[in-house]
Every structure is written in structure tokens, then in C-alpha cells.
Amino acid sequence: MEAKKILLIEDEVKLARFVELELKYEGYDVTVIHDGREGLETFSNEEFDMILLDLMLPGLSGIEICRRIRKTSSVPIIMLTAKDEVMDKVAGLDSGADDYLTKPFAIEELLARMRVAFKHCSNHQEEGTKKILTVNHLSINIEKCMVTVNDTEVELTKKEFELLLYLVQNKNIVLTREQILNQVWGYSYIGETNVVDVYIRYLRSKVDEAFGEKFIHTIRGVGYYVKEE
Ligand code: CA
């Protein structure tokens, strides 16, 4: 099997070097770029299997890079963020990143997240051959990653889509925040499970409130579910 190509965009030279060496040791093919704008350019000129993206970068921010990449590509993106950037993390996920990792991190953790992100990616490709799911007036076309309510298309980010898909695949079953985190974000974010609540709010404003139909239900202290009427 050919080595997977990783693009690491990180301006902390020492950290970048460390990650590069570790990933190479694990058999990945790594390209390191220290500047945001240059990173985006490199992405558009070459094929990569995954992007590891620092949030605070000279040239162009990680969030902006992520948004631009998502316009043309669903390549897995893992954001690397500093400790005190919680809201930025949410913004990062909202801009289409698959996962985030707080610095400093253990290399084993990064490797584990990378494996999960690769796995998710291939799961989605397999699911692509499947069908259309419906609940009440909502329908999800998995192949086209398209959601409609009463035949009106709803614009969702990648994570919102994945969250909705997971809820709909398990309709009428209450899912805990931990289950949702594990499934949609691929990992337990100990102490930061509010990312689920944030995304449920986004979904509610786009699906429930926009169409005046209560679709996503909360069981206080337990979790969430989608109810088929
Ligand atoms: Ca940085």
C-alpha cells in the first residue's frame, strides 16, 4: 500500500519537526508548511490524504484555510489548537474540520485521531452506495450529502450533517452526548462535551426552527433523539 500523504501546516517549527519525524516513523509521507497562505497553495497543487492544520498561523488562519479547502474537498482535516481557544475550536469544527486536538498533545493521541479520521472517511464512502433516509418531513440523501425538509434543501456544514445523520439513523432512540461524541467526532472529549450541545443548537435553528416543526428532542440530563411522528 502506498504511504498516505499528510500535509502539516504548523508555524511552530519545533513542534512541526517533531510531528513530522514521528509521522514519518509511522510510515506516513509528510509535507510540512509553516505559513497559512503557502499551506493552502500547497494543498491546491498536490493531492493529500489528510491535513493537520494549526489554528493560529501567519498568512492565513487555520479556520479560513479549512473553509476554503471544504469548498472543493472532503479530505480529513484535524485542527491543532492551543489550550485557551475553545470557541475557536467550535468555529474550527463548524468550518468543516473533522476533529481537533489541543496542544500540547501526546503523539499517540494524534496518531489515534488520525486513524479514526481515516476510518470515518472510508465509512462514508461505503455509505455512499446506500439510500435515502426519512423521518417525518425530513429526508437525507446520503450519497449527495443532501438534507431536505418538505422538499426544501437545508444547508448544513459537514459536522451538522454527520450529527443529523447519526440521529436519524437511530431515530426514536435517545443518544447520550458521549455516544454522539464518539460516533460523530470519533473520540471522547473529556470535559468538553458541550460541543454536542452547540451543534444541536445549530441543527435546531436550521431544521426545527426554520420549518416550525419540533424534530430534535432533549431528554434532560441524558441526551438527544429525533422523533418519528
Ligand atoms: Ca500557530
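Mentor: Two strands pair if DSSP finds at least two bridges between them. Strands (E, at least two residues) and helices (H or I, at least four) are DSSP runs numbered from the N terminus. This is a predicted model, with pLDDT of at least 70 needed for local features and 80 or more for side-chain atom pairs, while totals use all residues. Numbering starts from 1 along each chain, and side-chain values use heavy atoms, without hydrogens and water.

Trainee: How many bridges pair strand 6 and strand 7?

Mentor: Strand 7 covers residues 138-141, and strand 6 covers 132-135. The two run in the antiparallel sense. The number of bridges between them is four.

Trainee: Which residue of strand 7 is the bridge partner of V135?

Mentor: V135 falls in strand 6, which spans 132-135. Its bridge partner in strand 7 is L138.

Trainee: Which strands stand at the edges of the antiparallel sheet?

Mentor: This open sheet has four strands in the order 6-7-8-9.

Trainee: What is the strand order in the parallel sheet?

Mentor: This open sheet is formed by five strands. Strand 2 (29-33) and strand 5 (99-102) each have a single partner, so they stand at the edges. The order is 2-1-3-4-5.

Trainee: Which residue in strand 3 stands opposite L7?

Mentor: Strand 1 (residues 5-9) runs parallel to strand 3 (residues 50-54), joined by four bridges. Opposite L7 stands I51.

Trainee: What separates the C-alpha atoms of A82 and T102?

Mentor: A82 lies in the loop between strand 4 (77-81) and helix 4 (86-94). T102 is 20 residues away along the chain. Their C-alpha separation is 5.6 Å.
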